[in-house]
Each structure stands twice: as structure tokens, then as C-alpha cells.
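Good morning, colleagues. Please look at the sequence and the model on the screen, and I shall then walk through its fold, its packing and a few side chains.

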Amino acid sequence: MTSQLDPDTVAQYLIDSPHFFEEHAELLAKIRLTSPLLGRAVSLQERQMEVLREKIKLQDLRLADMMRNAQENDASSHKLHAWSRSLLLARNDVDLPHTLVDGLRTSFAVPQATLRLWGVAEDYSHTWFAAAASEDVRLFANGLSLPFCGSNNDFEAAAWLEQDVQSVAMLPLRSTATASATFGLLVLGSPDPQRFSADMATDFLVQIGETTSAALACLLA
């Protein structure tokens, strides 16, 4: 009388006997498994091929994602280069803020962009970018260690933009000499609630903020 083998015992035996199917190759064609893809029983070899094809498919998808991300990063780098070049070509200091926000709108397809600076030199005190910013806005900007992205919850700075804004990105501007204090705030806005979502990566925005800060530091007193 034979006792029924425990499945775990069989599995462990096969693990411990890596040459079992080499010695009993005829069993490979006899073992039948249910295929989730074909909906019928297939041989072990066919099932192994299905698993291999699925692995290759997943690898192809990952590779496609990597290539797409690389292409997007490359395109963003070119845009950042062109935008930075336009700042260097600005004819005079007072043109810089307009060139900067206009370049963000056109190069990066940002629907709306504006900024405010405080502590500017007397020569620029009556310009649009030196318009009054409340103490609350200044405290908010000074408290940002990274760009803020998210829904427009009636932010005062969002009111600087001209049209209806559903999502915003707000970038603090800091000079390298006084890294702990801000001298302005760059505001990007969109009618799309998901354009500047709270969970989006901010690495690229940090680069834009640092470039903006460096470009506009010449306007400070």
C-alpha cells in the first residue's frame, strides 16, 4: 500500500535534484499545465516559453519607458538651455523679468507666469515686477525650501496672474549671498488642475528657480 506524497515534499525533492529532468527528459512532454493565456492545458516546455515571453514583454515595456523618459529629459534640457541663453542675450537689466517669464510661457508651454521681487534697486522700484507683495507672501516664500506645487487654494500670489488658475507652482528666489532669505517669488499657473500637482517631481523646477535667482540678482539693491 502506497502513501500519497505531500506536494511540498515533491517540490523539495525536485529542488534538491536539479538533474532529475535531465535523467527523465521524456516526462517534460507528458507534464501538462493550465495556461492562463491560452485557457487550456499545455506542456511544461510550452508553459516555460509563455513565462519567458511575458518576461521579455515586461522588459520591453520597461525599456520603452526608459527611452521615453530619456527623450523627455533631453527635450527639457534643450528647452532649459534655450531659455537660459535668452536671459544672457537680454539687452538690459530691466528687460530680464519680461524675457524670463515670456520664455517660460513659450519654451515650456506654461499658460501663465509672473514674478515679484522685493528689495530691488531704486532704479527699478516703479517697475511691474517690483509691485507690492504683502508680508504674508514674503513669509510664505521664505518658508519654502523647495518649489510649491498644488491646487490654487486662493493664494495671494496666484492673484498676480491674469486668468483663472486651478494649479500653481511657486518658486522662491534666493541670492547666493543670502541663501536663507528670499528676494522674490516666481509663480506659474495653469487652468489644468493636474498641471502642477502636489506629487510631481520638483527637480526641474528647482533648476528654473536657481537660474531665475541668478539672473535677477543684478536688480537688487
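From the N terminus on, the order of elements is α-α-α-β-β-α-α-β-α-β-β-β-α. That gives 7 helices and 6 strands in the chain; helices (H or I, at least four residues) and strands (E, at least two) are DSSP runs, numbered from the N terminus. This is a predicted model, in which local features need pLDDT of at least 70 and side-chain atom pairs count only at pLDDT 80 or more, while totals for chains, interfaces and linings use all residues. Residues are numbered from 1 along each chain as its sequence is written, and side-chain values use heavy atoms, with hydrogens and water left out.

Two figures describe the chain as a whole. Of its 221 residues, 33% are buried, where buried means under 20% relative accessible area, exposed means over 50%, and partly exposed lies in between (1.4 Å probe, protein chains only). Among contacts between residues at least 6 apart in sequence, 56% join residues at least 24 apart; a contact here means heavy atoms within 4.5 Å.

I turn to the nonpolar cores. A nonpolar core is a set of buried Ala, Val, Leu, Ile, Met, Phe, Trp, Tyr and Cys residues joined through side-chain atoms within 4.5 Å. Which residues touch the most other members of the largest core? Of its 30 residues, they are L100, L104, L117, L186, L188 and L216. At least two residues of this core come from each of α4, α5, β3, β5 (167–174), β6 (182–190) and α7 (203–216). There is also a second, separate core of 14 residues, with A158, W160, V168 and V187 among them.

Consider L188 in particular. Beyond its neighbours within four places in sequence, L188 is in contact with L104, V110, Q112, A113, L161, S167, V168, A169, L171, F196 and L205.

With a relative accessible area of 0%, S167 is buried. Which backbone atoms does the side chain of S167 reach? It reaches the backbone oxygen of D192 at 2.6 Å and the backbone nitrogen of F196 at 3.3 Å. Both are polar contacts, that is, pairs of N or O atoms within 3.5 Å; within protein, one must be able to donate a hydrogen and the other to accept it, and residues adjacent in sequence count only if both atoms are side-chain atoms. Sequence neighbours within four places aside, the contacts of S167 include G150, S151, N152, L188, G189 and S190.

The strand around S167 deserves a remark of its own. Strand β5 is largely enclosed by the rest of the structure, because 7 of its 8 residues are buried. On one hand, 4 bridges join β5 to β4 (residues 148–151), and the two run antiparallel; in this pairing F148 stands opposite M170. On the other, 8 bridges join β5 to β6, again antiparallel, with P172 opposite L185. Strands are taken to pair if DSSP finds at least two bridges between them.

Next, the aromatic rings. The structure holds 7 aromatic pairs; rings of Phe, Tyr and Trp (its six-membered ring) pair if their centres lie within 6.5 Å, and planes under 30 degrees apart count as stacked, over 60 as edge-to-face and the rest as tilted. Y13 and F20 form an edge-to-face pair, with 5.9 Å centre to centre and 80 degrees between the planes. Y13 is partly exposed at 46% relative accessibility, whereas F20 is buried at 18%.

W83 and F108 are likewise edge-to-face, at 6.3 Å centre to centre and 75 degrees between the planes. This pair links distant parts of the chain, 25 residues apart: W83 sits in helix α4 (residues 44–88) and F108 in the loop between α5 (96–107) and β3 (112–117). W83 is buried at 1% relative accessible area, and F108 is buried at 12%. Ring pairs join W83, F108 and F204 into a cluster.

D6, in the segment before α1 (7–16), is partly exposed at 38% relative accessible area, and its side chain reaches the backbone nitrogen of D8 at 3.0 Å.

Finally, how many disulfides does a search of the whole structure find? It finds 0, a disulfide being a pair of cysteine sulfur atoms within 2.5 Å. As for individual cysteines, C149 is buried at 9% relative accessibility, while C218 is partly exposed at 37%.
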